[in-house]
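Could you take a look at this one with me?

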Amino acid sequence: MNKFENTFLKNLILIILCILGSINISPGQTAMVNVEARETISLNGEWNAIIDPSGSGDYRQVWLDKKPQLKTDFFEYSFEGGPVLNVPGDFNTQMKELNYYEGIVWYKKPFNYSVKSGKRVFLHFGAVNYLADVYLNGVKIGSHEGGFTPFQFEITEKIKEGENSLIVRVDNRRLPKGLPGVGFDWLNYGGITRDVDLVETDVSFIEDYFIQLEKGSLNTVLGWVRLNGNQAKQEVTVEIPELDLRHVANTDAEGFAGIEFNMKPELWSPSEPKLYQVIIKSKTDVVIDSIGFRSIEVQGNKVLLNQQPIFLKAVNIHEENPYKRARAFSRDDARILLESAKELGCNMVRLVHYPHNEYMVKEAEKMGLMVWNELPVYQHIQFSDSLVPNKMENMLNEMISRDKNRGGVVVWALSNETYPGTANRDKELIELSEKCRANDSTRLVVHVTNSQTYRDHTFDIQDTLFLHSDLISINEYIGWYIPWQGKPSETKWKVAFPDKPIFISEFGGEAKFGNNDTPQDEAANWTEGYQEQIYLDQIEMFKTTPNLVGVSPWLLYDYKSLGRMHPVHQQGFNRKGLISEDGEKKKAWYVIKDYYSAEKDQIPK
Ligand code: GCU
């Protein structure tokens, strides 16, 4: 029995330790890009777990993973003999008792490693929802907040020869000052939800690069390469063999080199999703990426892709594998969702309301689907809290850092349905827009609202946030939450920003597949016929919408959301999908499929 087990002193010391423990020793570094292209040792697979609903693991110092030494020793926890959880994956769908669980789960992964001289080692997480405290061999190496972006820690000095023990404290409890906050309309899947890798690099390596066309250009690449390490000053090259192109630059004392060169690429577009092999080399490292080159911009009331007006035929998608009813994380999961979007006739996918896994973004790009990336700055956000702006900026940087070389990504969406009256909302979101444009000026920056009014069959759009958004992006559920106030084809519009393009980012209604109308109760909501009618009416209304550049039905598949509690029609699912969670296409699916096939890239006059 050690000295800590039974004295007042123990409790005092433990409380101090807990306070210390909750202070981020070293927050996650911005993760290196394109980990997929690097030498990695995967730590995916089975992890031992301790489910800790009472949170007592903190004062039991579970991360020390103590083992009894003496016959009289005992510890009221152990990773051995307990549950095993798969990584990547949410924990909610892996054990019945965790279905609706929001709390702490401790994960442990023992792994063997042989230290290699001249090599650096990074521990990289694709994502952990929501709070992650990471321990290596009993020592805390860092923390991360945010469930949908990658982070990493350098462990070169901490990893040891032979057996190592990695422990992660995961906490998916909702935080009023979190992103998202407490209220959101999707299941709060917790866990180590994406890949975990050990990444080995040379002492000096290519930490980051940005290789994209300059804003508004079809043939000038304007970017940079950054080295990390003791040989910061080096010659670096960017090669595109297919274009017989080799550009040379020299990094400065900070390891940074600006990159600018001209070329005549086949441009990336939904109909021709051309990707080029791009080889970035330094004396001590090489990274190979597959990059699409395109330009995206707003000109007046139009969206131009490669300087040609385009109509955004989109659909909203949550990061959930409908058939597994679980958080999606793999390339196969991504293909299931994206192939349905392609089949629907989409040229864009709005990945809601948080950055999805990297496979989703990369597969979409390969399949010719433009990608709308979004931050979970969703509805109830405490903008006046002193930490929230920082959290938003961190998440923004992590999102952009990971996907900035993806030509398929055309939109950074920074907020959804935040409330105009909330303190500091405008100030913080305007600042966030500026930080986003400073970070990457080559894509559209958008805020989504539902703050418009609909009276006397007239939409009135006034939200000043749209002064800082490249699109007027509104969510409206006329025909479902709000009844029509007239014939859809006679809808009227008052828009405070007359020249800006309008994008209908959400519309639709619920129906349980198979709920079909019976003659006497025509128009019965929850039925496929009712949902179908909503879509037919919306398309009529779109013909009245000024400067309409695109639409995005809410949404592709029915998905899990615990707030949807109707025992017959919902059963914990948001049933606004065009497809059920069993892959059954509802009547409304065919309405949109026709609309997207008929209206080939229609352009507002
Ligand atoms: C909102 C919101 C979605 C939500 C949808 C709905 O507009 O953005 O996250 O799921 O409406 O009510 O179904």
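The notes below cover the ligand site and then a sheet.

1. A word on the basis: this is a predicted model, where local features need pLDDT of at least 70, side-chain atom pairs count only at pLDDT 80 or more, and totals for chains, interfaces and linings use all residues. Residues are numbered from 1 along each chain as its sequence is written, and side-chain values use heavy atoms, leaving out hydrogens and water.

2. Start with the ligand. Of the 14 residues around it, Asp185, Glu417, Tyr481, Glu506 and Lys576 come nearest (a residue is near if one of its heavy atoms lies within 4 Å). This shell divides into five nonpolar, four polar and five charged residues; Tyr counts as nonpolar here, and Gly as polar.

3. Next, look at the ligand's oxygen atoms. One is 2.4 Å from a side-chain N or O atom of Asp185, and 2.6 Å separates a ligand oxygen from such an atom in Tyr481. For Glu506, a polar side-chain atom also lies 2.6 Å from a ligand oxygen. The protein buries 94% of the 320 Å² that the ligand exposes when taken alone (accessible area by the Shrake-Rupley method with a 1.4 Å probe).

4. Now the sheet, which is open and mixed, with three strands in the order E30-E31-E33 (strands are DSSP E runs of at least two residues, and two of them pair if DSSP finds at least two bridges between them). Strands E30 (453-455) and E33 (492-495) are the edges, each pairing on one side only. On average, neighbouring strands are turned by 20° against each other, direction ignored (the axes are lines fitted to C-alpha atoms).

5. Finally, E31 (residues 458-461) runs parallel to E33, and four bridges join them. Ile461 has Val495 in E33 as its bridge partner.

Methods. Polar contact = N/O pair within 3.5 Å; in protein donor to acceptor, adjacent residues only side chain to side chain. Axes fitted to C-alpha atoms, helices over the stretch in contact; angles between N-to-C directions.
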